[in-house]
Amino acid sequence: MLERLISEAPRFFNYYNTVFLLQAMGNTLLMTVIGCGVGFILGFIIVYLRRSEGLAWLPVRMVLIAYVETFRRIPFLVILFIVLFGVQGIGIQVSLFGVAMISIAIIATAFISEIIRAGFDSIHQTQWDTASAMNFNRLQTLWYVVLPQSWKVILPPAFAFMVMFIKDTALASQLGVVELTFAGKILANRGISAILVYGTILALYFALSYPLTRLGAWMEKRFASPGNH
Amino acid sequence: MDYTFQFGEATRHLPYLLGGAWLSLQIGFLAFWGGAIIGLLGALGKEWGGPVVRGLVNAYVVFFTNTPGLVQIFFLVYALPEVGILLPPYWAVLIGLILNSGAYLTEIQRAGFTSVRRTELEAAETLGMSLMQSVRYVVIPHIAKVLFAPLSNFYIWIVLGTSMAAIFGVEELTGRAINISSSNFRTIEVFIITAAIYIAITVVASLILALIGRHGFRVKAKIF
Amino acid sequence: MPHLEITDLSAAYEADAKVLKDVNMTVDKGEIVSLIGPSGSGKSTLLRVLMGLLRPVGGQVVLDGDAIDYTSKSSLRHVRDRCAIVFQQYNLFQNMNVMRNVSIAPIKIKGWDKKTVEAEAADLLAKVGLADKHKAYPDELSGGQQQRVAIARALALKPEVLLLDEVTSALDPELVNEVLDAIRVLASEGMTMIIVSHEMAFVREVSSKVVMMDEGTVVEAGPPAQIFDAPKTRRAQEFVSKILRH
């Protein structure tokens, strides 16, 4: 077996395969970052709207709560299928990469909105009261008072969620999105040793995820230390 | 948008899907408890093992938590035959999920161990408790209380994670949804019903866990 | 006509438990009204209701001839434009330095000129004895210093009425006087104030009127000499005798 690996390795790591794998790795990272980035923005809007007051906004709040609670309970693979067949059913042209990004954004929105909500809740109610007594509206309170204080609470878990999701995006290979796992499947189908191919794919995921995990841990530690404004 | 939903056709398959959901719950259960045992050993090894044991546990945890479970299972299914190990898909999926959850549960349970404070043990000692008694009455209840919420969340996470078994032909909930959709035009309805079943089974699981937590471990769990 | 007139004001945190019951009170321009009474008597709640932080369930508040509708955003903005409050726990914005804390609302909310606001903020900070602390952050200041910043922050809004909610209660005893001194200066300048305080000697010294509250209602109101030396109601007599015993 070892002989086979050694004999196949030079053929496997040729220029074209290397570029192919690195591009696929780039796609994996790209769809995670964009999907979670959209999720972050939408999550913020959800939290903002959930803090609305009054009976008129009650239906909106209920829909948003239902969204957040349900979409954290559906597997990513099922979301991928629903989005895929959904866009086909509506009849709009979306690339497979686009389908994957939309699916990531749908789930990321639900999870990250909870992270943002917890971050806002970590700011004491008195800060909100003080701001509103000084005639800040909700958006001004968030922008000038709450966000500058809560981003240190929000960013580490949101970042950890994104790093976590890098691994979940492997499921997008099922649709045929050319990301890292799909690239591995293609190469394995060409008759290259599966140990070599999937070993390499695992190593590349590790190379992507591990440094980011460490970066996230460092961020969390740094933000937790008091005294930096 | 000229698509009209028709759930009639899809609901015909509800019993079949629910049968798949039962299998999903079983796989989730096995993956959780298998992982919990590995995680307990891992956490013990990391806390009290020698440098070699700690190094091995660390390598295991770091590798499995930084690579996708799906690719780990690909490796079990497609790479192991090259060295003469042939695993049936169900077992490959189960072993993959157990190894994966074992890595996460090592970290979770270790956090529980480190949360026991020395002062609590000292307090138990001043009350005249033996080591066994303080473990029984102080350490374990404390760890159970600290760990209950993260373990509950992880349980839900692993149940959702079992859907990747479908990729290897295991006929759990997602697998059965794929089966139906390949012979049926109401694909989207089938997957929406599938999603609803996932929501239902995880909500029920959360409720049961919250009840167990409240009565068994005096944990005031937030269900939603 | 009084500047601020409170008529039959009621409020509740929960539907069945009223914390304010038919409170009546007037505040004239330039007057200093102090609210005293045991903890939980509704003094702080009254200030929160006046600022619109808790919506009243009944009664009326008239400010300078305008009845305030606490369900209307514009009416609420109007009252918050003219009244400012200082809290027991200072509640400075933790992410801003002292100068920014004082100047942000006038600049960003009222839209006043930045240079003018900052010059006035510097004057106010000098007045409360913090001319050298412009760049400090709240967590670098003592409680007394933070509370003086909070007072300067409220004054920077140029309020017609200043509400002070137990502003010395959270302070270490040796820091109380620096804050009371700042308030004395305001009193001498004719600022209209409603003060909730447990510092009875101070209340007696600065107030033009003392209102004693208990269980959400006004028990007795009058000049300090009446309330402290010759209270008419039995409840006020009890309270005063208790606080004067030590």
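Colleague: In this predicted model, are H2(A) and H5(A) parallel, perpendicular or oblique to each other?
Modeller: Helix H2 (residues 15–50) of chain A and helix H5 (residues 96–121) of chain A have axes that come within 5 Å and cross at roughly 45°. Angles under 35 degrees count as roughly parallel, and 65 to 115 as roughly perpendicular. The angle of roughly 45° is therefore in the remaining class, and H2(A) and H5(A) are oblique.

Colleague: Which residue classes make up the contact of H2(A) with H5(A), and how many residues are in each?
Modeller: H2(A) passes H5(A) in a right-handed crossing. Sorted by class, their contact has 19 nonpolar, seven polar and three charged residues.

Colleague: What separates Arg117(A) and Glu114(A) along helix H5 of chain A?
Modeller: The side chains of Arg117(A) and Glu114(A) form a salt bridge, with 3.1 Å from N to O. Both residues are in helix H5 of chain A, three residues apart, so the separation is about one helical turn.

Colleague: Which two chains have the most contacts between them?
Modeller: No contact joins chain B and chain C, and their closest C-alpha atoms lie 23 Å apart. Chain C does touch chain A, through 25 residues of chain C and 16 residues of chain A. Of the two pairs of chains that touch, the one with the most contacts is chains A and B.

Colleague: Which residues of chain A lose the most area to chain B?
Modeller: The size of an interface is often given as the accessible area lost when the parts come together. Chain A and chain B bury about 3,400 Å² between them, and carbon and sulfur atoms give 77% of that area. On the side of chain A, three residues together make up 22% of what is buried, and they are Arg73(A), Tyr198(A) and Leu202(A).

Colleague: How are H9(A) and H4(B) oriented to each other, roughly parallel or roughly antiparallel?
Modeller: Helix H9 (residues 194–224) of chain A and helix H4 (residues 69–79) of chain B have axes 9 Å apart, at an angle of about 170°. Angles over 145 degrees count as roughly antiparallel. H9(A) and H4(B) are therefore roughly antiparallel.

Colleague: How many residues in the contact of H9(A) with H4(B) are charged?
Modeller: H9(A) contributes residues including Ile195(A), Tyr198(A) and Leu202(A), and among those of H4(B) are Phe74(B), Phe75(B) and Tyr78(B). The contact divides into eleven nonpolar residues, two polar and, for charged, none.

Colleague: Which residues form the salt bridge between chain A and chain B?
Modeller: The count between these two chains is one salt bridge. Its closest N and O atoms are 3.7 Å apart, and the partners are Arg4(A) and Glu82(B).

Colleague: How far apart are the closest N and O atoms of Arg48(C) and Asp129(A)?
Modeller: Chain C and chain A bury about 1,800 Å², with 61% of it on carbon and sulfur atoms. In chain C, Phe93(C), Asn95(C) and Ile109(C) lose the most area to chain A, together 31% of what that side buries. One salt bridge is counted between these chains. Arg48(C) forms a salt bridge with Asp129(A), and the closest N and O atoms are apart by 2.9 Å.

Colleague: How many helices and strands does chain B have?
Modeller: Along the sequence, chain B reads α-α-α-α-α-α-α-α-α. The secondary structure of chain B therefore comes to a plain count under the DSSP runs used: nine helices and zero strands.

How values were computed: Residues numbered from 1 in each chain as written. Chains lettered and ligands numbered in written order. Predicted model: local features only at pLDDT ≥ 70, side-chain atom pairs only at ≥ 80, totals over all residues. Heavy atoms only, no water. Axes fitted to C-alpha atoms, helices over the stretch in contact; angles between N-to-C directions. Helix = DSSP H or I, 4+ residues; strand = E, 2+ residues; numbered from the N terminus. Left-handed = near helix turned anticlockwise from the far one by under 90°. Nonpolar A, V, L, I, M, F, W, Y, C, P; charged D, E, K, R; others polar. Buried area = accessible area lost by both parts, 1.4 Å probe. Salt bridge = Lys/Arg side-chain N within 4 Å of Asp/Glu carboxyl O. Contact = heavy atoms within 4.5 Å.
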